Amino acid sequence: MLNFSLFIAKRLYKDPGSKKPVSQLATNIAIYGIAIGLAVMIISLCVVLGFKKEISSRIIDYGSDIQVLNMRSTTSTESYPINCSPDILEAFQNTEGIKIVQRTSNVFGIVKTNTDYKGVFFKGISPEYDSTFLEKCLIEGSIPRYSHHTGTNDILISQLTANGLNLKLHDKIYAYFFDNTIKVRRFVVAGIFDTNIQQFDDNIIYTNIYTVNQINKWDDNQCSTLEIKIDDKKTSDEVLYNILETIRGIKDVDVSDYVVYTIQQLYSQIFDWLKLLDLDTIVILVLMIILACLTMTSGLLILILEKTATIGILKSTGATNRSIRKVFIYYATFIIGRGIFWGYFGGLGLSFIQYNWHIISMDASKYYVSYVPILFNWPIIIAIGLSTFAICIIALLGPSYIITQISPSKTVKFR
């Protein structure tokens, strides 16, 4: 069965002879308005999701998903040990949702060269430490093979520290540690890394856990932190509860001395900043949808006013207001669909170019990344297009009522 309104709408849309300069301009403005609005929404979404994933993954790679600390370490700049004996490590490794458990020990010291000095934290890492993140950030040198039972003088320093102290690969430096006495250690720069996160790069030097434990006068069954990486299928809150149950079940541990934090709690300022990006994205989406609706509404009004004579003829031949309104809704649907097509083409095209070639760069010292990251979330991208289409159609229902006010006698008389 022939759909009268759809048939007329197709004839009006496809017939180039019926498109006057004014209506053609209105159509183009509507198409470009929708296309630009949708493209901006897609690019904004991909950039924000990329930022959140890239920065949060860097922080999690550095400090793991969850950390178990001595409670006194949270209220002091000094590091206090926790028990990390083989039995306790096994208990954590058998906890549901935990993928990796790795020991680290920290000590504050001052590194000195012939011309300068700097206060840093030495982070001693164990043999089981997942060095994937460090390997990705490594600029020069290599990551030493550390042992839990023998010391080494090889260290990894950041590019920021290397520049500040004028150090190069294989350079020797002295470090001073203060307790009741002054302890001096000589280290060799085995590698230089750059995480692009200034608060890490400016304060951390990696070394062997055995060396740090010696400086702290701790035994092999002690460490500053148990860094825990969780299974991808689990959430931090789920595993956090399991860890607390594990700690309560360990008989030789004084539970009151232990505290468990998620990485979001430890670095809440960074994650709070990432949450603000969600608000920015919502504001952009709302503004762009409003832009698309306004351009489409104004375009439809121009088309209706220009097709006044056509509306009069249709009414004089028996067409109802409802069927004529449907003609222009269909007409507008074609325009909206074309605008959405070009919006997807432009938004996804530009995002794809940035995703592959990183054309737009950024100041890593301020934004933690050296380029604008992109992440495609296809369900949300598709939902944005469908939502834009639906909202624009709904927004056109009101202006289309102007058709009911058009009188056939007046419009046909002056044709």
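Colleague: Which residue follows α7, and what is its phi like?

Modeller: Lys-217 follows α7. Its phi is positive, near 60 degrees. Bear in mind that this is a predicted model.

Colleague: Which ones are buried?

Modeller: Ile-209, Thr-211, Val-212, Asn-213, Ile-215 and Asn-216.

Colleague: What covers them?

Modeller: The cover for the buried residues of α7 includes strands β3 (98-112), β4 (117-125) and β7 (172-178). It also includes β8 (182-193), β9 and β10 (222-223).

Colleague: Switching to the core. How many residues are in the largest nonpolar one?

Modeller: 71 residues. Those with the most contacts inside it are Ile-59, Tyr-206, Met-296, Phe-328, Ile-335 and Ile-336.

Colleague: Which elements give two or more residues to it?

Modeller: On the helix side, α1 (4-14), α2 (21-63), α4 (132-137), α10 (268-306), α11 (308-316), α12 (321-357) and α14 (378-397). The strand β9 (204-208) is on the list too.

Colleague: Which of them gives the most?

Modeller: α2, with 16 residues.

Colleague: What other core lies apart from the largest one?

Modeller: One of 21 residues. Among them are Cys-223, Leu-226, Val-239 and Ile-247.

Colleague: Now the whole chain. How many helices and strands?

Modeller: 15 helices and 12 strands.

Colleague: Is the chain spread out or a compact globule, and why?

Modeller: More spread out than a compact globule, because the radius of gyration is 32 Å, well over the 22 Å that the globule rule gives for 415 residues. The C-alpha atoms fill a box of roughly 105 × 50 × 35 Å along the principal axes.

Colleague: How much of the chain counts as buried?

Modeller: 46% of the 415 residues. The accessible surface comes to about 21400 Å², and 58% of that belongs to carbon and sulfur atoms.

Colleague: What share of the contacts with a separation of 6 or more comes from residues 24 or more positions apart?

Modeller: 79%.

Colleague: Last one, charges. How far apart are the mean positions of the positive and negative ones?

Modeller: 19 Å, for 38 positive and 35 negative charges.

Key. Residues numbered from 1 in each chain as written. Predicted model: local features only at pLDDT ≥ 70, side-chain atom pairs only at ≥ 80, totals over all residues. Heavy atoms only, no water. Core = buried A, V, L, I, M, F, W, Y, C linked by side-chain atoms within 4.5 Å. Buried < 20%, exposed > 50% of the residue type's maximum accessible area, 1.4 Å probe, protein only. Helix = DSSP H or I, 4+ residues; strand = E, 2+ residues; numbered from the N terminus. Rg over C-alpha atoms; globule rule 2.2 N^0.38 Å. Contact = heavy atoms within 4.5 Å. Areas by Shrake-Rupley, 256 points an atom, 1.4 Å probe, with all protein chains shown as cover. Lys, Arg positive; Asp, Glu negative; His and termini not counted. Charge placed at Lys NZ, Arg CZ, Asp CG, Glu CD.
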